[in-house]
Amino acid sequence: MKIIRSIFYRGILFVGLTGMALMAQADHYVAQNGQIPSGNYESWETAASNIQAAINVAGSGATVWVGTGTYAIAGSGGYVAFINNKSLTLRGAGVNPGDVVIDGGNANRGIYARFVTNDLSVEIDGFTITNCNANYGAGIWLAHETIMSGTAIVRNCTLVNNTATTTGTDGGGAVRSYAAVGSTFYTLVSNCVVVGNTSASRAGGLNLPRGRVELVDCIISNNTAVCGAGIWAYYTDIIMRHGAVANNTSSGTADLGGAGVFFHDGCNVVIDDCLFKGNSGAGFGGGVLFRGAGIFCMTNCVVVDNTAHDGGGIHIRQAAPTQARFVNNLIAGNKATTSGGGFISTVHGQYDFVNCTIVDNVSTQGLGAGIYFTSGTASKDIRNSIVYSNVCSNVVANYRFVAGAGTSKFYNSCTTPSVAGGDYDGGSNTDADPLLVDWVAGDYRLASGSPCINTGANQDWMSGALDVGGRSRLDRLTRLVDMGCHEYIFRGSMMHIR
């Protein structure tokens, strides 16, 4: 029986296969002091001395438990563990991170899971995978190269200091997941740390092309690649929740960028409650690069201190209509050489910015350091947002909308120069100082007396929703929303008299 997971988000249904009901199989065990490979290894007392021996005797649906210690193999060009076309759980038996280590010796791949038939399920849980080296997928290679259903789960793992050596178009430093266009294959990466991995091409950290992917509670940091240094995804329906993508570095120029994350052609993306900080590249999109037609939704995220040539924070670049929606996000302190420290976008689609704070972004050349749109048919609605103190060459440059067929409107927002009475005025806007708590320290919450308090326009989704800091999105007394990503918290006492 298949188990289907579905998420409905703002008119988009994301569906993924998340598991299979399997017949119970015997557990098998691996230990540092295990026996010379022979037998079925069905207890710790009769454990195998290497991981592969236990995998080989395990039936479909079995669990292989790996005891504390470091596991490696001799030689080069091999893999420490190979799961060949069967459902299996490979689980480290340690208590703390680093208790169970797979070490590639800088010459071998860590784990290779091969999917040939439909409806297989592989889970990898509780390992530190390090010093692995391969042409791609050095730490973990999930190989499913046809249209198929199935599940791969990687949880509670640390992937550190792994290297993918391919110099062509195919990379993947730590995890590589691949399927043909149209695949329903589902991959979950949960509670993982992916740090210090390298690719000679794309995807220093995670390579996730095609299928359906969820990334939950993961830290992706200090990875390097030509493009998509933290994460590279291609024709993927992807959901990212409660994670951090930080200090990744890409070397590629122009649209070979995406130092933090590169969503390539055909992706549909939902990102919630994630941090993108300190990513740096020479191309487009220091924090996030989204290229190609698709749907992009970002809520409750912080995008700060990223650097790129164009679009220091976020760059959306496509040649066909795209729906993009940004809600409750802080985009601040990002830097670009040209056209947009915060956002840059091109050509077509519908873009909605709701309750966003876009401040202190810097562009050294070209206007629109906060929000920048080139000519085209893109329509932009900026609602309940603060777009302020973004500069180009020390001149205020909060927004730039190059003439095109699309419409551009501010509603209940705070920006300069004033849009009142102009083409961009949708009503109830202000150009007054938003009075944020501490610009120098990067505290972009509203201070007492801010003109942005209780001056937004309520929307249906706000009932029960939270701001970027986890506070109620509607004021508990007035039930009115503020401008920006932070809701002001009134101080004082309240008495209830009967």
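**Cysteines, pocket and cores**

Modeller: C218 has a relative accessible area of 6% and is therefore buried. Please bear in mind that this is a predicted model.

Colleague: Is C157 buried or exposed?

Modeller: C157 is in no disulfide, and its nearest cysteine sulfur, in C192, is 5.0 Å away. Residues under 20% relative accessible area count as buried. Because its relative accessibility is 1%, C157 is classed as buried.

Colleague: How many disulfides does the model have in total?

Modeller: The rule asks for two cysteine sulfur atoms within 2.5 Å. By that rule, the count of disulfides is 0.

Colleague: What volume does the largest pocket have?

Modeller: The lining of this pocket comprises 7 nonpolar, 9 polar and 1 charged residues. The space in the largest pocket is about 230 Å³. Of its 17 lining residues, those closest to the centre are N96, P97, G126, N156 and C157.

Colleague: Which residues have the most contacts inside the largest nonpolar core?

Modeller: This core has 85 residues. Beyond its neighbours within four places in sequence, F296 is in contact with residues including V269, I271, F290 and F326. The residues with the most contacts inside the core are F263 and F296.

Technical notes
Residues numbered from 1 in each chain as written. Predicted model: local features only at pLDDT ≥ 70, side-chain atom pairs only at ≥ 80, totals over all residues. Heavy atoms only, no water. 1 Å grid on protein atoms, 1.4 Å probe; cavity = no way out; pocket = protein on both sides within 12 Å on 5 of 7 lines; lining within 4 Å. Points joined across faces, edges and corners; volume = space filled by probe spheres on them. Nonpolar A, V, L, I, M, F, W, Y, C, P; charged D, E, K, R; others polar. Core = buried A, V, L, I, M, F, W, Y, C linked by side-chain atoms within 4.5 Å. Buried < 20%, exposed > 50% of the residue type's maximum accessible area, 1.4 Å probe, protein only. Contact = heavy atoms within 4.5 Å.
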